[in-house]
Amino acid sequence: MDEHVEKFIAEAEKGLADDTFVKLILSNYKGTDRSLQKISVRIIETKKGKHLMFQSRFDTRDTVKNFSIAEAANELRRRLSSGFRNAHLFTTGGDFQLDIGKRNSRLTTGKPTTKARPATTHDRAKRSFVDPNAFYLKALGIATDKGEIKPSQRDKWRQINKFIEILAGLIEQSELKDKKALKIVDMGSGKGYLTFAAFDYLQKPAREQGRNMNVESEQQPVRPRIQMTGVEQRPELIALCNDIAKAGNFDGLKFVHGTIADFDPGEIDILIALHACDTATDDALYKGIVANASIIIAAPCCHKEIRKQIKPPEMLAGILKHGIMLERTAETITDGLRSLLLEREGYKTKLFEFIATEHTPKNNMLVATLQTRHSNVDKIDMQIAEVKNIFGIARQYLEELLKS
Ligand SMILES: C[S@@+](CC[C@H](N)C(=O)[O-])C[C@H]1O[C@@H](n2cnc3c(N)ncnc32)[C@H](O)[C@@H]1O
């Protein structure tokens, strides 16, 4: 291999050895895979120690793979001979730019673009719910390499934090708080922001989660065994999320391709369904009920099923002629009926604002916790029938599923 390429690799190895490595980018790809654009290489801290994460950007998807520091040089050598024409190494000591020509290559060095080493999870501030330096946030494009939340991702970041705070509070108040193993399903996991954040938070020993401090203070921290599955119908998101889970050694976290309705979760402790569209939320709630989940958390979105059916009573006709009013009424009736149906199945429910509407229009959160006492089925049935009757609603999807 060309001496400049070898020198470039040696500089990367040196940066890794003396902790001055910031990042490395391979670009200007002219190889056989026309959809490959670039590869970014960063350091990540996993349970198994420091690794290098290679994130490949294709036209329509990203893939992620990690390598031990010992494997880094060989992997870099392999990628550098695969058709990239440029490679840029950033270290706190200096920048190195490699231009690879057909016959020769050229290596130029310059002053460092940054003198700050990127933070990794290792440096994280203890006891926060979500660590902005977590590698998955960088891989998903929410945080920069320095562990700063990108301005365009602040709303998402707020949502992730709020969600983990709510989840942590629910577990703390339930019998699940003392369980050593939890089975969780996230229905409609999308890009996996919440799935990764929940898994990362829950797999930490209670001490690092900021709870049960006195129980563990004299002992080795206990790491709960978390088995978590994200279910998603878009295959490209499944591939990306599984890559990231593997890169981060998130053993116990997997993503499966399929629809919520077709997925059989078995017995589970927690069911999550955030922003699953329209009746997909009903499918998810139904699965949670059948799976006997102790906690069900849903943030429903688009309430089309009921909106189409509403025939306003005469008294409200003048009000519900406005689209926005009809929209809000559909939301209220849908989530209200879902809440009643969950109560009928033995859950205690809460409906509240997830995060303020200025950050997202989809902001109802429906939380259900399984109770031991029986519910007053007749009374709830009457309430459901009355609401449906007043608004001329023939069917509600969750109710149909529960009857089937
Ligand atoms: C708006 S995204 C929300 C993702 C994630 N839960 C969050 O809140 O960040 C909704 C995701 O649910 C998926 N989805 C919707 N209906 C689904 C179904 N019936 N089965 C599986 N996935 C579904 C969509 O493909 C999409 O990725």
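Colleague: What share of the contacts in the protein with a separation of 6 or more comes from residues 24 or more positions apart?

Modeller: Two residues are in contact if their C-beta atoms, placed from the backbone, lie within 7 Å. In this protein, residues 24 or more positions apart account for 63% of the contacts with a separation of 6 or more. The model is predicted: local features need pLDDT of at least 70, side-chain atom pairs count only at pLDDT 80 or more, and totals for chains, interfaces and linings use all residues. Residues are numbered from 1 along each chain as its sequence is written.

Colleague: What percentage of the residues count as buried?

Modeller: A residue is buried if 20 or more other C-beta atoms lie within 10 Å of its own, exposed if 12 or fewer, and partly exposed in between, with C-beta atoms placed from the backbone. Of the 404 residues, 38% count as buried. One of the buried residues is S105, with 20 other C-beta atoms within 10 Å. S105 lies in strand β7 (residues 105–110).

Colleague: Which residues is S105 in contact with, leaving aside its neighbours within four places in sequence?

Modeller: They are D2, H4, V5, L98, D99 and I100. H4 is 101 residues from S105 along the chain, yet their C-alpha atoms are separated by 6.3 Å.

Colleague: What span should α1 have, and which of its residues are buried?

Modeller: The expected span of a helix is 1.5 Å times one less than its number of residues. For the 15 residues of α1 this gives 21 Å, and the end C-alpha atoms are 21 Å apart, which agrees. In α1, the buried residues are F8, I9, E11, A12 and G15. They lie on the same side of α1 because they cover an arc of only 155° around the axis; the arc is that of the directions from the helix axis to the C-beta atoms. On the other side of α1, E3, A10 and A17 are exposed. The buried residues of α1 pack against β1 (21–29), α2, β5, β6 and β7. After α1 comes D19, whose phi is positive, near 65°.

Colleague: Which residues of α2 are buried?

Modeller: In α2, A72, L76 and L80 are buried. Their arc around the axis is only 40°, which puts them on the same side of α2. A70, E71, N74 and R78 are exposed on the other side of α2.

Colleague: What domains does the assignment give, and how many residues of each are in contact?

Modeller: Domain bounds come from an automatic or database domain assignment. Here the assignment gives domain 1 (3–110) and domain 2 (121–403). Between them, 16 residues of domain 1 are in contact with 14 residues of domain 2. On the side of domain 1 that touches domain 2, β2 (36–46), β3 and β4 give two or more residues each.

Colleague: How many residues surround the ligand, and which are the closest?

Modeller: A residue is near a molecule or strand if its C-beta atom, placed from the backbone, lies within 6 Å of it. The ligand is surrounded by 17 residues, and the closest are G188, G190, Q233, L274 and A280. The largest share of this shell, four residues, comes from β11.
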